[in-house]
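I set out below what I looked up in this entry, in the order in which I looked.

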Amino acid sequence: MAMLKNPATKYRSFAPIGLRDRTWPDVVVTRPPIWCSVDLRDGNQALIEPMNAARKLRMFQMLVKIGFKEIEVGFPSASQIEFDFMRELIEGGHIPDDVAIQVLTPAREPLIRRTFEAMRGARNVILHYYHAVAPVMRNVVFNMSKEQVIAELTVPHAQLVRDLAAEQPATNWTFQYSPEMFSDAELEFSKACVDAVTEIWQSSPTNRCIINLPTTIEHSTPNLYADQIEWMHRNLKRRDGIILSAHPHNDRGTGVATAELAMMAGIDRVEGCLFGNGERTGNVDVVNLALNLYSQGVDPGLDFSDIDSVRATVEYCNQLPVHPRHPYVGDLVYTSFSGSHQDAIKKAFAARKEGDIWDMPYLPIDPKDVGRSYEAVIRVNSQSGKGGITYLLEQEYGLKLPRRLQIEFSQIVQEAMDESGKEVSAADIWAIFSRAYLDAQQPYGYVAHHLVEDSSRNTVELSTEISISGERRKLEGRGNGPIDAFVSGLSQLMGEPIAIVDYAEHAIGAGADAAAVTYIELKIGEPLAGQKNVFGVGRDANIVTASLKAILSGANRILAARR
Ligand SMILES: CC(=O)SCCNC(=O)CCNC(=O)[C@H](O)C(C)(C)COP(=O)(O)OP(=O)(O)OC[C@H]1O[C@@H](n2cnc3c(N)ncnc32)[C@H](O)[C@@H]1OP(=O)(O)O
Ligand SMILES: CC(C)C(=O)C(=O)O
């Protein structure tokens, strides 16, 4: 078997519904939908190993903490384990008063009765029943005409739901109906089923029911679903007595787009799972949806301030990993490896002022808002440039390298990465930097200095003790400052002219740990004009000592390069 040369012999394209006067493309969503988590039902039914009671309870408690007010907790008629979990939730007092639990049942009388049994004593319940409406299910599974589906599945079970609820008046019941495979069915037929249900339930603004329109299998582009939703939104009877809900799956990888366009087209409520767990390629990812809204300035009403702990709980309960590139949560999603991205992020962070609108290249939201740190934002490998390398040195070690030193040092790091082929950490970069600059104290090493200032002549006399390959030696020099005086002494020792091209210094650390770091760009040799600029770096509690070490570091590096 192989892919077909002409797939049209096996697959057909979806047909547009031809809604000419659609309004959804211009809608801007300014408020969140009502959220319903289906992690404990659609998510759970898709797991290799469904959750045990402990994992279910942990998931339920986390969903409550995040802020879900509607949680589909299971399919009580499926098994004794499911039934018992409902009883534990209700009898164990785990359900806050402002949370409604939702339970799913097929349109089958014994299963509906069992579902009501499981809900005895609950305060707020969404009783959700479904049957499929798509032609393939009518023809192949039910073997029923449209009329039979309505007469044998839709109507009697809507009546049964209504009647059984009346037997438990202490519970606040909300009824929900899903024409399963709605997106694959004829719109007129779905409408006929829904209208029959809302008539039986007498839906009205004071007695609203939920009509949930699933893309049970995602077969088309999201715009088509949006057209279907807008059509239903406009044509359903008793629309003001209906909370219109979407239940998108993700077979084509467009579950999030489907949900977003559906919200533009008239959807009031969305059902989905955390990080997109669920049948096959999953239900729509509610974290992704919620944070997409957040990134547009809309409070989603769900709290993902500690997104990593949400992920840890989801991975524990589902026993499935979340991909490192998963939107908003993956290990790598706030990380840039490539040089030009790193450079832009570094500059935008430097330009950003507290209170500014977030306008950060390559970062759709501030990682801090979801409990992530900037540490992982920039990571360095062979695709990186000086921006990322120097960002890490500055963030982690406080070094602010002058621009030409950034260029020089990034070549040294590149060589190290070309050799290893691996990512380098901030600690690796620091080690490379220390080896290349701070530890470059051979053959000339700093030992001590004594400085005498002659203010009447604006000059200084500097007496420095250095070691040359382990042997002590005194250098004397005079100049208009300590650097000038030291360069004059060193130049005599080396028998070559030395020119200081650039100088920069800053403090790092604070209090007793404070130190000065000095960067000196110099040339050594005859004639000076033809020599290459090289940097030396010195660090010391004393700023003059840091400068002298920087000059020696530069001289040693030049001598090493000549070997
Ligand atoms: C899109 C969705 O995710 S819908 C939710 C699906 N979730 C689940 O199925 C998980 C829980 N399910 C279960 O535990 C079981 O399937 C049960 C308890 C519901 C039913 O088990 P069984 O009675 O053994 O039936 P089975 O699982 O084989 O389902 C097929 C039967 O249900 C019927 N059926 C399928 N869907 C529906 C429906 N929505 N309404 C009514 N009947 C339906 C089929 O026609 C078939 O009937 P038949 O046995 O007369 O041919
Ligand atoms: C029962 C319905 C809502 C469902 O899970 C689906 O169609 O995917």
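**Domains**

I began with the distance between domains: the C-alpha centres of domain 1 and domain 4 lie 73 Å apart. The assignment for the protein chain lists domain 1 (31-318), domain 2 (330-377), domain 3 (386-435) and domain 4 (444-562); such bounds come from an automatic or database domain assignment.

I note that this is a predicted model, in which local features need pLDDT of at least 70 and side-chain atom pairs count only at pLDDT 80 or more, while totals for chains, interfaces and linings use all residues. Residues are numbered from 1 along each chain as its sequence is written, and chains are lettered from A and ligands numbered from 1 in the order in which they are written.

**Ligand 1**

Of its 18 residues, Phe-75, Ala-78, Pro-106, Ala-107 and His-131 come nearest. By class I recorded 10 nonpolar, 4 polar and 4 charged residues; Ala, Val, Leu, Ile, Met, Phe, Trp, Tyr, Cys and Pro count as nonpolar, Asp, Glu, Lys and Arg as charged, and the others, Gly among them, as polar.

At least two shell residues each come from helix 1 (39-45), strand 4 (124-132) and helix 5 (135-142). Helices (H or I, at least four residues) and strands (E, at least two) are DSSP runs, numbered from the N terminus. Strand 4 gives the most, with 3 residues.

Technical notes. Near = placed C-beta within 6 Å.
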